[in-house]
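Dear colleague,

I am handing over the structure we spoke about, and below it you will find what turned up when I went through it. Please read the notes with the model open beside you.

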Amino acid sequence: MSKKRPGGESLPSAPSTATGPSPDHEVPAATQAPDPKRWWALAVIALAQLMVILDGTVVNIALPSAQRALGMSDADRQWVITAYTLAFGGLLLLGGRIADLVGRKRTFVIGLAGFAAASALGGAAAGPGMLFAARALQGAFAAVLAPSALSLLATTFTDPKERARAFGVYGALAGGGSAVGLIVGGLLTEYLNWRWSLYVNVPIALAALLGAPAFLRDRSGRRSGHLDVPGALLGCGGLVALVYGFSEAEPRGWSSPSVLTPLVAGVVLLAAFVWWQSRAASPLLPLRIVRDRVRAGSLATMGLATIGMFGVFLFLTYYLQVVLGYPPVRTGLAFVPISAGIVIGATQIAARLLPRTAPRTLMSSGMVLAAAGMVLLSSLTVHTQYVTHVLPALLLLGLGMGLTFMPVYATATAGVPAQDAGVASAVLNTVQQMGASLGTVLLNTIATSATGRYLHSHVRGPDADGATLDQGVVHGFSVAYRCSAGVLLLAALVAGLTVWHRTPKHAGHDAPA
């Protein structure tokens, strides 16, 4: 038997107590009284999410100033970014399982406090080594903070309409935080100094720390059991190796042993991790979480989306500053439309439609819109006007990201048993982080290669003049943008083929702690 949803799609009929698209999504059907402080809890969780996402880009604009102030070499400056991504991406699975075992509220508070302390340490750095160490600590505490924040959100909001609104806010921050980071980084660098790109996290963390004890209510997951140490070593080691290999591919090239060795080691370690998880008594990542088709499709959509979207910030920042000559603040403000588009797409469109619309419809539509924005960016030239070409593209990209990220977050975490909420959230964050790392390397390699071919065919003398060099760089960006559009269309296809069910009506119900 089947029933029709609006729009004509057939869905399998199910008993009234069904809570999700597959047995893996099943949770008790009985509902609990909503937490009266849940919207204040959302504000606290949103602050933490903004801080973690913002920190991925807020340092980027400040990096040249930090390099000059601390005497960093060109070869070493990448470690300001890599130290953070290595620790964050490599430790996410471990952080998610710790949240499930120790308690999500407790790990949330620990992550906040640690992130604030690491940020203060980085802001006070007296040399490159101190800054690198502080950034690694930031990443480690972010790996504890991010999964606990998302799992707290997933278990706090269970009513479909309220859940959609809450995840709309979360999705807007997840998608727009990077753009906000560029704006904040430009303002702080130009009007204060580069250290404030790190110090800015301290007041945000303190505000969230003040609200956490009063407004967050953890729900009981599994408080017994033990940490899967072999799984942690294999999984975290594999992720660290992959992130390191991706980060070294840009400066060293794909054929370098320094790149191939960690990439191969990462694949081998992750293969061993999957094998061990199928046999461990208390696995770090219960494979039932990723075996579900709907959740796996949502994760794949997120991974492809972040691979394709990352070129927006990477290339457009360079284009605006170097080719068009924008100062840091104007560059940051140029990204305001994409943030506005994300907020509108996530909170005003996706959040309103998700309770009565198939998630795959929103995800696929969002990725098609984002792909259209990428196609517009691929037509940029060295003389392009911001208002006529860049602005429409950013609005399309923002709306597309908002429409996609919000239902992905809601669907990938819906119906997960409470004892696995932390690690399920960590898997989603890991996919997003790995997609960003891989997207950076792949798209930059494509752009650099295309620029090289352009200059080789257009330069007649030993050196290129400035105009020709700019044209070559923009040509490389255009090729990368077209590839990004292809990846985003693939994400739309994956979502359309795999995410066939509605978001469960009830998710994450468990007893209050």
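Throughout this message, buried means under 20% relative accessible area, exposed means over 50%, and partly exposed covers what lies in between, with a 1.4 Å probe and the protein chains only. This is a predicted model, in which local features need a pLDDT of at least 70 and side-chain atom pairs count only at pLDDT 80 or more, while totals for chains, interfaces and linings use all residues. Residues are numbered from 1 along each chain as its sequence is written, and side-chain values use heavy atoms, with hydrogens and water left out.

To begin with the chain as a whole, its secondary structure comes to 18 helices and 2 strands, where helices (H or I, at least four residues) and strands (E, at least two) are DSSP runs numbered from the N terminus. Of the 513 residues, 57% count as buried. Taking contact to mean heavy atoms within 4.5 Å, residues 24 or more positions apart account for 84% of the contacts with a separation of 6 or more. The chain exposes about 19600 Å², of which carbon and sulfur atoms supply 67%; the areas come from the Shrake-Rupley method with a 1.4 Å probe, and for residues only the protein chains shown count as cover.

Because 20 of the 28 residues of α16 are buried, the helix is largely enclosed by the rest of the structure. T411, found in α16 (residues 386–413), counts as buried at 2% relative accessibility. A polar atom of its side chain lies 2.8 Å from the backbone oxygen of P407, and the C-alpha atoms of T411 and G297 are separated by 9.7 Å although the two residues are 114 apart along the chain. L395 is also found in α16, but at 37% relative accessibility L395 counts as partly exposed; L395 and G345, 50 residues apart in sequence, are 10.0 Å apart in space, C-alpha to C-alpha. Just after α16, G415 takes a positive phi of about 75 degrees.

Helix α4 (residues 104–123) has 20 residues, and its reach of 28 Å from first C-alpha to last is close to the 28 Å expected at 1.5 Å a residue. Among its buried residues are R104, F108, L112, F115 and several glycines, including G111, G114, G122 and G123. What covers the buried residues of α4 includes α1 (38–54), α3 (79–102), α5 (128–156), α7 (196–199), α8 (201–215) and α17 (421–458).

P128 lies in α5 and is partly exposed, with a relative accessible area of 24%. Leaving aside its neighbours within four places in sequence, P128 is in contact with L70 and M72, and its C-alpha is separated by 8.5 Å from that of V80, 48 residues away along the chain.

Turning to the aromatic residues, a search of the whole structure finds 8 aromatic pairs, counted where rings of Phe, Tyr and Trp (its six-membered ring) have centres within 6.5 Å, with planes under 30 degrees apart taken as stacked, over 60 as edge-to-face and the rest as tilted. W196 and Y199 form an edge-to-face pair, 5.4 Å centre to centre with 70 degrees between the planes. Both lie in helix α7, 3 residues apart, about one turn of the helix; W196 is partly exposed at a relative accessible area of 38%, and Y199 is partly exposed at 24%. The rings of F315 and Y481 have their centres 6.0 Å apart and their planes at 85 degrees, so that pair too is edge-to-face. It links distant parts of the chain, with F315 in helix α12 (residues 293–323) and Y481 in helix α18 (residues 466–498), 166 residues apart. F315 counts as buried at 2% relative accessibility, and Y481 is buried with a relative accessible area of 1%. F315, Y318, F477 and Y481 form one aromatic cluster.

With best wishes

Terms used:
Expected span 1.5 Å × (residues − 1). Polar contact = N/O pair within 3.5 Å; in protein donor to acceptor, adjacent residues only side chain to side chain.
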